[in-house]
Amino acid sequence: MRKVAMWVLAFVFVLSFAWPNMTASAQTGSMKLVVDGVEVEGYEQPFMSQEDVLIPVEDLFHEAGYQVSKDAAGKVTVTNSYLTVDFSVADEQITVDGEATDALFPLTLKNYGNYVSGEFLNELEGFEVTISEDQQTVTVTTNRVQDVDAFLEKMVAANPNSYAAKMSIDQSMVSDTEELAMDMLMEIDMSVTNNPIGLHMLENTKTTMDGKTEETASEAYFTEDGFFQKTGENWTKLPEELTAGLLEATSAQADPIAQLELTKQFMKGIHIFEYDDAYIITQTMTNEEFQDMMEEAMSLFTDMVPEDFFTDNEAVEVTEATDVKEEQAEEDATVVEEAATEETADEEAATDEEATTEENAAVEETTEEPAEEAVEDEEIDLDSILDEVSISIDEFFIVTVIDKNTLFPVSTDGKTAMTISVAGETVTIKQLISGIFSKFNEVKEIKVPEDIIKNAVVLDLDSETIEEESKSEATE
């Protein structure tokens, strides 16, 4: 008898979870889900249960622009960094920003219980749920900015003339074919001005590899005087041709219209949430969008680098090879001439003519082929580099907090993971990024100290050595 009672209780317990799903089927079936005007398609759809609507958690928050993840235990976490909600079927609990709620959960066994009620969602900051009269459509309206284009225009227009920032980048890199594992922690402290363009940056890097840790420190200045970097006790300077490209690129980034146009290219992954004291901007990126960004970066890099940067060395090598081949051709022609003098006079004339023809042909052949090679070298396409590399974005989620009054950035945090495959080797790179911005319009003009300008050595890109810059040039 006791065993029968236990089975009955167990059966009732199971029915208590399954009942909402059963009644939903008997009442209205699945409904259409619309989030901020966009219909959400998928296998899981909302349904009515006991006069309330149950909405699939993952589909809802993914469409709403939140980062959605699920751990091994099945707990679903959704976040835009300002608001974080955990749905744990195992704990029968919903937590908001780490605080437990009184909401009943789960309300169904469908989709492993990961459905949220319209009643709970209406109480959550930034959400409003309405149901059509015929109970065929549930509409969820969030606090997202709908006109992203207009918002970005305002934000770019409010761009400060100067600011300070502290950034931290925690990066790990692992290769699948070699026993290569490297961890790198970069701490960056920088000051930036837009007019005139100026940058002063201090960087400390801690690298751990094969159980050994190495720490390095560097300092850099970038102004109209050039780009100067200190490594160890020495200061170096980029050559003028590269500095000009950097200045042009930096000026383009400071141009509000150009900056806005570049941002618009990736607006599909941008979501802006409005709260009482701040705007929260989240950004995701697909493989296709990343490819577009890489092409844009390669184009920018091509504009920055002098045209002969990749071809000078090759051209020199080709010229040297041409000279050698010409000398060899002349020696061969001389041998032919000496052999020809041993023949009869008639044969000598004919032989001389043939030798001359052979000599000219040999010279033409040895000079034309390298010329074609030089032309090919000059036509190196940087895009071909990307064609040989396969890059997969496994995770990309960046969050930036914007002050609601000034529209200046307050902080940024992000998590990225990508897999790079080239020549049969695969490398996985993961990054944790965090940064804080301050001193808006308070940073004074950045100037490179005179002793650095006078004593810095210039990188010679042709010979890959360092030349000391003359004091006269520094004075000028």
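**Aromatic rings, confidence and selected residues**

Author: In this predicted model, Tyr-66 and Phe-273 are both buried.

Reader: Okay, and how many aromatic pairs are there in the count?

Author: The count comes to 13 aromatic pairs. One of them is formed by Tyr-66 and Phe-273, an edge-to-face pair with 5.3 Å from centre to centre and 75° between the planes.

Reader: Which parts does that pair tie together?

Author: Tyr-66 lies in the loop between helix H2 (57-63) and strand E5 (67-70), while Phe-273 lies in strand E19 (residues 270-274), so the pair ties together parts that are 207 residues apart in sequence. There is also a cluster linked by ring pairs, made up of Phe-61, Tyr-66, Phe-87, Phe-105, Phe-127 and Phe-273.

Reader: And which ring does Lys-404 lie over?

Author: Lys-404 lies over the face of Tyr-279, at 5.7 Å from the ring centre.

Reader: Switching to confidence: what is the mean pLDDT of the chain, and where is confidence lowest and highest?

Author: The chain has a mean pLDDT of 76, with 65% of its residues at 70 or more. Confidence is lowest in helix H1 (residues 2-27), where the mean is 35, and highest in strand E12 (residues 137-142), where it is 97.

Reader: Which stretches have pLDDT under 50, and how many contacts does the model have for them?

Author: Over residues 339-351 the pLDDT stays under 50, and the model has four contacts for this stretch beyond four places in sequence. Residues 365-379 also have a pLDDT below 50, and beyond near neighbours in sequence that stretch has 14 contacts in the model.

Reader: Back to E12, then. Which strand is joined to it, and how do the two run?

Author: Strand E11 (residues 127-131) is joined to E12 by five bridges, and the two run antiparallel. Val-129 stands opposite Val-140 in E12. E11 and E12 form a hairpin with five residues between them, and Gln-135 in the turn has a positive phi of about 55°.

Reader: What does its side chain make polar contacts with?

Author: The side chain of Thr-142 makes a polar contact with the side chain of Asp-36 at 2.6 Å, and a polar atom of the Thr-142 side chain lies 3.2 Å from the backbone nitrogen of Arg-144. Leaving aside neighbours within four places in sequence, Thr-142 is in contact with Val-35, Asp-36, Ala-64, Gly-126 and Phe-127.

Reader: New topic: where is Asn-161, and what does its side chain reach?

Author: Asn-161 is in the loop between helix H4 (148-157) and strand E13 (162-175), and it is partly exposed, with a relative accessible area of 36%. Its side chain reaches the backbone nitrogen of Asn-195 at 3.2 Å. Asn-161 and Asn-195 are 34 residues apart in sequence, and 6.5 Å apart in space from C-alpha to C-alpha.

Reader: Which other residues does Asn-161 touch?

Author: Not counting residues up to four places away in sequence, Asn-161 touches Val-192, Thr-193, Asn-194 and Asn-441, as well as Asn-195.

Reader: Last one: is Thr-416 buried or exposed?

Author: Thr-416, which is in strand E22 (residues 409-422), counts as buried at 8% relative accessibility. Beyond its neighbours within four places in sequence, Thr-416 is in contact with Glu-395, Phe-396, Ile-398, Ile-429, Lys-430 and Gln-431.

Note on methods
Residues are numbered from 1 along each chain as its sequence is written. This is a predicted model: local features need pLDDT of at least 70, side-chain atom pairs count only at pLDDT 80 or more; totals for chains, interfaces and linings use all residues. Side-chain values use heavy atoms; hydrogens and water are left out. Helices (H or I, at least four residues) and strands (E, at least two) are DSSP runs, numbered from the N terminus. Buried means under 20% relative accessible area, exposed over 50%, partly exposed in between (1.4 Å probe, protein chains only). Contact means heavy atoms within 4.5 Å. A polar contact is a pair of N or O atoms within 3.5 Å; within protein, one must be able to donate a hydrogen and the other to accept it, and residues adjacent in sequence count only if both atoms are side-chain atoms. pLDDT is the predictor's confidence in each residue, from 0 to 100. Rings of Phe, Tyr and Trp (its six-membered ring) pair if their centres lie within 6.5 Å; planes under 30 degrees apart count as stacked, over 60 as edge-to-face and the rest as tilted. A charge sits over a ring if NZ of Lys or CZ of Arg is within 6 Å of the ring centre and within 35 degrees of the ring normal. Two strands pair if DSSP finds at least two bridges between them.
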